[in-house]
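Notebook open, structure on screen.

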Amino acid sequence: MHSLKITVIFSLASIPLNIVFGLVIAMLLNTNIRGLSVFRTIYYLPAILSGVAVAILWQWIFSSDFGLLNTALRIFGIEGPAWLGSKIWVLPAFVIMRLWSVGGGMIIYLAGLQAIPTDLYEAAEIDGANWWQRIFRITLPMLSPTIFFQLITGVIFTMQIFTETFIMTDGGPANASLFYLLYLYRQAFQNFKMGYASALAWVFFIAILLLTVILFATARFWVYYEGESEEDN
Amino acid sequence: MSTTGFGISARQIISKIFVYLLLGIGSIVVLLPLQWMISTSLKPLSHVFRFPPEFWPQKVVWENYPNALNQLPFDLYFANTVFIVVLCLLGEIIVSSVVAYAFSRLRWRGRNVLFIVVLATMMLPRQVTLIPEFIVFRHLGMIDTFWPLILPSWFGNPFYIFLLRQYFLTHSRELDQAAVIDGCSRFGVFWRITLPMSKPVLGAVAIFSFQFHWNDFFRPLIFLLDQDKYTLALGLRFFQGTYGTEWNSLMAVSLVVMLPLIIVFFFAQKHFIQGVVFTGYK
């Protein structure tokens with residue numbers, strides 16, 4: 001179950017990073033800045049683009065000699081790896097690529113942030129709460145249902161990665177990016193083992209279901225719904 | 001950091017500058033891939049493989065675009081894609097809104113149970129049912145036609161049904177009742193009251209649907225065989241297989257394929273954002 005393993009590893013890296021970056025950008029945007037809509041447009045634009053065209057673009061960006069990423073790294077004196085040609089760097093490359101569309105989550109966090117009543121912050125300020133305290137005691141708890149929702153949809157969406165591997169690496173090098181759905185696709189439509197592929201599909205569903213159930217089980221420890229009585233800590 | 005009296009404190013100014021700096025750097029990082037794409041698409045092939053790479057093309061070759069697009073039956077793929085996208089979009093809007101209306105406005109036995117069943121299918125990744133679906137379409141003799149791509153959209157999409165239902169529930173029933181008293185039929189209420197009042201959410205559904213089907217690669221890959229039936233996504237994949245290292249042409253074609261989405265995004269940005277917010281928040 002090599003492909004299930006790398007799919008889970010990829011998701012474990014990609015989902016939290018997307019959430020953290022999305023949150024940070026949303027918080028920066030939520031500081032009464034000018035040009036909010038311009039920044040929002042820029043950050044959100046990549047999120048609407050996906051599919052083959054984007055995969056081809058990133059394949060070119062990750063090109064080891066002539067690619068954008070390694071050219072940029074050379075400015076800082078770093079000789080970048082071969083990314084898609086490297087067994088070690090191919091998964092990080094996919095994580096980086098997915099980070100480009102962080103704007104999708106960001107928009108949702110921004111809406112959540114704007115809905116937090118300002119009097120909560122005012123009260124906290126009067127009580128002498130500093131910036132960190134305000135973030136960890138007000139912002140994050142108030143936003144936790146939104147983050148939770150993003151986490152759940154993130155699992156389902158990220159585990160389904162297919163087009164990018166199909167176009168960019170075809171599972172390589174040495175199966176290092178043979179994500180689950182690519183494996184399923186090959187079994188079903190290249191080896192025509194429909195029965196086996198169907199079984200794979202069920203395993204995939206159960207894996208996603210398990211992850212979701214685990215997340216739901218942890219939810220009561222950190223997701224705060226308004227209207228529930230808050231426990232003292 | 002309370003500011004009493006005059007102006008803003010120095011600390012606030014510094015933190016403001018810091019915020020702008022971070023956002024500015026972030027914006028550049030986000031836009032660079034697109035800049036790189038445009039710049040590569042305008043370079044002559046000999047310059048594409050120059051080392052170190054040129055950031056701006058030193059020689060601009062506009063002919064890359066017509067040359068690249070002529071390498072494949074672009075018009076045909078474009079027409080195929082538009083045909084599929086439009087029919088999917090229509091199906092999803094019409095069927096999902098009718099179903100959502102029944103779930104939000106009509107009372108019938110088993111309604112809530114069925115609604116939970118619809119929600120449960122949302123958790124099921126589409127790939128899980130793909131193989132049975134493929135076998136069914138094969139039995140129907142529909143492989144290598146547009147049917148398997150379009151038909152499922154005409155059976156409703158649980159996600160859009162959920163979105164629309166939530167929105168319909170926020171409308172007051174009084175207007176419906178008044179219309180019924182005035183002799184309006186059930187369908188009349190749906191058509192003349194519910195739908196016109198739901199334009200924002202219908203716009204959001206239309207945009208999601210357009211975006212999804214325009215980008216979709218997996219399903220056309222599986223169901224279409226004949227090259228004359230290819231969508232843009234498949235055509236692009238084929239083009240990549242044939243001209244794999246002509247990065248200037250590849251970038252040009254990829255950009256043209258992305259362009260409709262980018263244009264729609266700029267014109268309907270408000271709906272995009274509204275739609276995302278509808279779904280993700282609450």
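Before counting elements, I note the rule: helices (H or I, at least four residues) and strands (E, at least two) are DSSP runs, numbered from the N terminus. This is a predicted model, where local features need pLDDT of at least 70, side-chain atom pairs count only at pLDDT 80 or more, and totals for chains, interfaces and linings use all residues. My bookkeeping: residues are numbered from 1 along each chain as its sequence is written, chains are lettered from A and ligands numbered from 1 in the order in which they are written, and side-chain values use heavy atoms, with hydrogens and water left out.

**Chain A, overall**

I read the elements of chain A from the N terminus as α-α-α-α-α-α-α-α-α-α-α. That makes 11 helices and 0 strands. The C-alpha box, taken along the principal axes, is roughly 65 × 45 × 25 Å. Of its 233 residues, 54% count as buried (under 20% relative accessible area; over 50% is exposed, in between is partly exposed; 1.4 Å probe, protein chains only). I also checked contacts (heavy atoms within 4.5 Å): of those in chain A between residues at least 6 apart in sequence, 68% join residues at least 24 apart.

**Chain B, domains**

I find chain B split into domain 1 (10-66) and domain 2 (72-242), with bounds from an automatic or database domain assignment. Their centres, over C-alpha atoms, are 37 Å apart.

**Cavities**

How many cavities of 30 Å³ or more does the whole structure hold? My search gives 2. For the record, a cavity is a set of points on a 1 Å grid over the protein atoms alone where a 1.4 Å probe fits but cannot get out, and lining residues have an atom within 4 Å of a point. Grid points are joined across faces, edges and corners, and a volume is the space filled by probe spheres set on the points.

The largest cavity holds about 120 Å³. I count 14 lining residues, and closest to the centre are B:Ile84, B:Leu149, B:His213, B:Asp216 and B:Pro220. In chain B, helices H4 (74-105), H11 (199-215) and H12 (218-223) each give two or more residues to this lining. H4(B) has the largest share, 4 residues.

Two or more residues come from each of H3 (52-61) of chain A and H11, H13 (232-242) and H14 (247-267) of chain B. H14(B) gives the most, 3 residues. By class I get 9 nonpolar, 3 polar and no charged residues.

**H11(B)**

H11(B) turned up in both linings, and I looked at it next. Its 17 residues reach 24 Å from first C-alpha to last, close to the 24 Å expected at 1.5 Å a residue (1.5 Å times one less than the number of residues). Since 14 of those 17 are buried, H11(B) is largely enclosed by the rest of the structure.

**B:Leu224**

Is B:Leu224 buried or exposed? It is buried, at 3% relative accessible area, in the loop between H12 and H13 of chain B. Its C-alpha is 4.3 Å from that of B:Asp144, 80 residues apart along the chain. Leaving aside neighbours within four places in sequence, B:Leu224 has contacts including B:Phe146, B:Leu149 and B:Leu234.

Terms used
1 Å grid on protein atoms, 1.4 Å probe; cavity = no way out; pocket = protein on both sides within 12 Å on 5 of 7 lines; lining within 4 Å. Nonpolar A, V, L, I, M, F, W, Y, C, P; charged D, E, K, R; others polar.
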